[in-house]
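Work through the exercises below with the sequence and the model side by side. Each task is followed by its solution.

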Amino acid sequence: MQDKPRDSILNFTRRFFAWRRKNRLLVLGDITFLPAPEPILLFERSSNGEKMLIAFNLSANEHRIKLPKQWQNIATMDGHGLMGGAIVKQYIVLQAWGGYFGKIE
């Protein structure tokens, strides 16, 4: 049933996992959870000097969190299919149930 509709949960999950497999840091990188107020989940993945910052809003309300100091030169990643995450004036702004992926360039 969910095989055909491109916007089905099944197809979103397939696309996300395919994107994840292409990003070595998400598969093999070390994980460090960073302090963040509830309901934000904030962590970084790192390996061999590469770093990725990931943030998820686990609520139905918009939230914003100040970028960690070491992440001031972050580049937003795309291709993962998640909506609702952006950098706005040194803050990660997360829409309801939104996610953000970024890398230091």
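**Exercise 1.** Which residues form one aromatic cluster?

Solution. The model is predicted, so local features need pLDDT of at least 70 and side-chain atom pairs count only at pLDDT 80 or more, while totals for chains, interfaces and linings use all residues. Residues are numbered from 1 along each chain as its sequence is written, and side-chain values use heavy atoms, without hydrogens and water.

Step 1: apply the pairing rule, in which rings of Phe, Tyr and Trp (its six-membered ring) pair if their centres lie within 6.5 Å; planes under 30 degrees apart are stacked, over 60 edge-to-face, the rest tilted. The count is 3 aromatic pairs.

Step 2: classify. F43 and F56 have ring centres 6.2 Å apart and planes at 35 degrees, so this pair is tilted. For F56 and F101 the centres are 5.9 Å apart and the planes at 85 degrees, so that pair is edge-to-face. F56 lies in strand β3 and F101 in strand β8, 45 residues apart (strands are DSSP E runs of at least two residues, numbered from the N terminus).

Step 3: collect the members. The cluster consists of F33, F43, F56 and F101.

**Exercise 2.** Is F101 buried or exposed?

Solution. Buried means under 20% relative accessible area, exposed over 50%, partly exposed in between (1.4 Å probe, protein chains only). F101 has 3%, so F101 is buried. F43, at 10%, is buried.

**Exercise 3.** In what order do the 5 strands of the open sheet come?

Solution. The order is β1-β2-β3-β8-β5, with antiparallel pairing (two strands pair if DSSP finds at least two bridges between them). The edge strands are β1 and β5, each pairing on one side only.

How values were computed
Helix = DSSP H or I, 4+ residues; strand = E, 2+ residues; numbered from the N terminus.
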